[in-house]
Amino acid sequence: MVLSSDGKNKPFRSQKPSASAAVPGPVKPGLQARAAASKILAAVIDRKLPLDGALDHEHGNPAYKALQDDDRGLVRAILNTTLRHLPRIEAAIGSLLDSPLPEGARSLQHVLSIAAAQILYLDVPDHAAVDIAVEQAHLDPRSRRFAKVVNAVLRRMGREKQEILQQIEGIPSMPGWFLKRLEKAYGRDAAQAISDSQLQPAAIDLSVKSDAQAWAEKLNGIVLPTGGIRLAAFDGGIPSLQGFEEGAWWVQDAAASIPAQLFGDLSGKRVADLCAAPGGKTAQLILAGGDVTAVEQSENRIKRLRSNLDRLGLAADTVAEDLTKYAPEELFDAILLDAPCSSTGTTRRHPDVLWTKGPEDIAKLAALQERLLRYALRLLKPGGVLVFSNCSLDPSEGEEVVAQVLSDTRGFERVAIDPSRWPGLEQAISPLGAFRTTPDMLKLPDGFAPGLDGFYAAVLRRVA
């Protein structure tokens, strides 16, 4: 059973498309953008391809690259909104169908999801979203017989928008497998708060070389408990902001700025930033006085790091090498290991993460982190300090990695972080003295988006 154009259920009978339906006509305005969005959504959901790669201006999805800048912006907005609300969108669509779409209609499901995101959550005229989705169905031989279904479902969604939004409001915005992991780690209420927080796009935070208050005033921002700046909404791109050309600041989420600050003054100390690109933490370590060596496996990522440091007028020794093969001539006084992870703490800015990764990915990454941490500890001088961090919300990639390494590695100890040194973020310090931020933390004045990335950071010291 499916919905008819008048919103009533009736049996659906497949009909052969008329000859005229197959004749290509003028391209409807906005069709190419929505078609690109549907293709990219399919790549993310069905093939687990990262959204950033698809939206890359040089190497991204061909349909996206073929668009003008305005349409590219529309595609990004549609995709980010769709992925943030996907469980609710799918529930809304399902509630308007008497039976699920057949397995072979995956492309049609993506078309419906893209259209529903516009109707329910974006400032797009309903008729435009409906009209283009119907056109997409007509143009796809696999979906053409469902064009009337698309029309009926989306028109009814537009008519009953407020009622539907109320019905789906309580549905978690995260996939069930990850929500269960959050509930186990943080409890049901905290897990729901984290899930709800990722519905809002991440704010833009800046780390500054000096005088955060002055730059906050110049850029219409506020100073955060981390010492960085959060910007209010603004028009234009980041490079247009005052201070960009002169290298006075760089973009860095508030949570990402915490690990490098845990060392304190690094004057006269030999410091390694392992897994260093894109360079924000490297810049922090340099400004803290350290003689910094930045290590990255990828030569391309090293090039990006050097470019970022050049803009800031900063310099570090750079090494392009597999970390587990890196053998410096001299051990380090301080090491920052911001390890590769599932990035589940960054879903506000990367809503595709939870749809491209699964439990098996988290397990593999946790094993990699443990291996990297064990190796990095070998590069530390006696009395030296290592900060281990990553942007995962899953304790198996943070707390459990550190606990396992310390349990069977002699000569190292935890250094507890003092909550009194972090006013406004005391709740982020765990009982063991590690940092554990979650996206629902950091409440701010009106006009400034709350929250920060989910991050874990622990301090270890070599005692022998």
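The points that follow are grouped by topic.

The structure is a predicted model, in which local features need pLDDT of at least 70, side-chain atom pairs count only at pLDDT 80 or more, and totals for chains, interfaces and linings use all residues. Residues are numbered from 1 along each chain as its sequence is written, and side-chain values use heavy atoms, with hydrogens and water left out. Helices (H or I, at least four residues) and strands (E, at least two) are DSSP runs numbered from the N terminus.

**Nonpolar core**

- The largest nonpolar core has 38 residues; such a core is a set of buried Ala, Val, Leu, Ile, Met, Phe, Trp, Tyr and Cys residues joined through side-chain atoms within 4.5 Å.
- Buried means under 20% relative accessible area, exposed over 50%, and partly exposed in between, with a 1.4 Å probe and protein chains only.
- The residues with the most contacts inside this core are L262, F263, L285, V387, I417, W422 and F435.
- At least two core residues each come from α13 (258–261), α14 (280–287), β8 (291–296), α15 (299–312), β10 (332–338) and β14.
- Leaving out residues up to four places away in sequence, I417 touches L262, W422, I429, G433, A434, F435, A457 and V459; contact means heavy atoms within 4.5 Å.
- In soluble globular proteins, nonpolar side chains tend to be buried together.

**Cavity**

- One cavity of 30 Å³ or more is present; on a 1 Å grid over the protein atoms alone, a cavity is a set of points where a 1.4 Å probe fits but cannot get out, and lining residues have an atom within 4 Å of a point.
- The volume of the largest cavity is about 30 Å³, where volume is the space filled by probe spheres set on the points, and grid points are joined across faces, edges and corners.
- Its lining consists of R414, V415, L432, G433, A434, A458, V459 and L460.
- Two or more lining residues come from each of β12 (412–415) and β14 (455–462), and β14 gives the most, with three residues.
- By class, the lining has six nonpolar, one polar and one charged residues; Ala, Val, Leu, Ile, Met, Phe, Trp, Tyr, Cys and Pro count as nonpolar, Asp, Glu, Lys and Arg as charged, and the others, Gly among them, as polar.

**Buried polar and charged residues**

- Q198 lies in the loop between α11 (188–197) and β3 (205–208) and is buried, with a relative accessible area of 2%.
- A polar atom of the Q198 side chain lies 3.3 Å from the backbone oxygen of R84; a polar contact is a pair of N or O atoms within 3.5 Å, where within protein one must be able to donate a hydrogen and the other to accept it, and residues adjacent in sequence count only if both atoms are side-chain atoms.
- Beyond its neighbours within four places in sequence, Q198 is in contact with R84, S173, M174, T347 and R348.
- Q118, in helix α6 (residues 106–121), counts as buried at 1% relative accessibility.
- The Q118 side chain reaches the backbone oxygen of I114 at 3.0 Å, and Q118 also touches R34, I78, V124 and A129, not counting residues up to four places away in sequence.
- D453 sits in the loop between β13 (435–437) and β14 and is buried, with a relative accessible area of 4%.
- The side chains of D453 and R349 are joined by a polar contact of 3.5 Å.
- Apart from neighbours within four places in sequence, D453 is in contact with D253, A255, G345, T346, R348, R349 and T437.

- Seven of the eight residues of α14 are buried, namely G280, K281, T282, A283, Q284, L285 and I286.
- In the loop between β7 (270–274) and α14 lies P278, which a cis peptide bond joins to A277, with omega of about 5°.
- C275 is placed in the loop between β7 and α14, and its phi is near 60°, a positive value in a residue other than glycine.
- Just after α14, G289 takes a positive phi of about 105°.

**Other loop residues**

- K48, in the loop between α1 (31–47) and α2 (51–54), has a positive phi of about 60° although it is not a glycine.
- K48 is partly exposed, with a relative accessible area of 45%.
- F146, in the loop between α7 (126–139) and α8 (147–159), is buried at a relative accessible area of 6%.

How values were computed
On a 1 Å grid over the protein atoms alone, a cavity is a set of points where a 1.4 Å probe fits but cannot get out, and a pocket is an open set with protein on both sides within 12 Å along at least five of seven lines; lining residues have an atom within 4 Å of a point.
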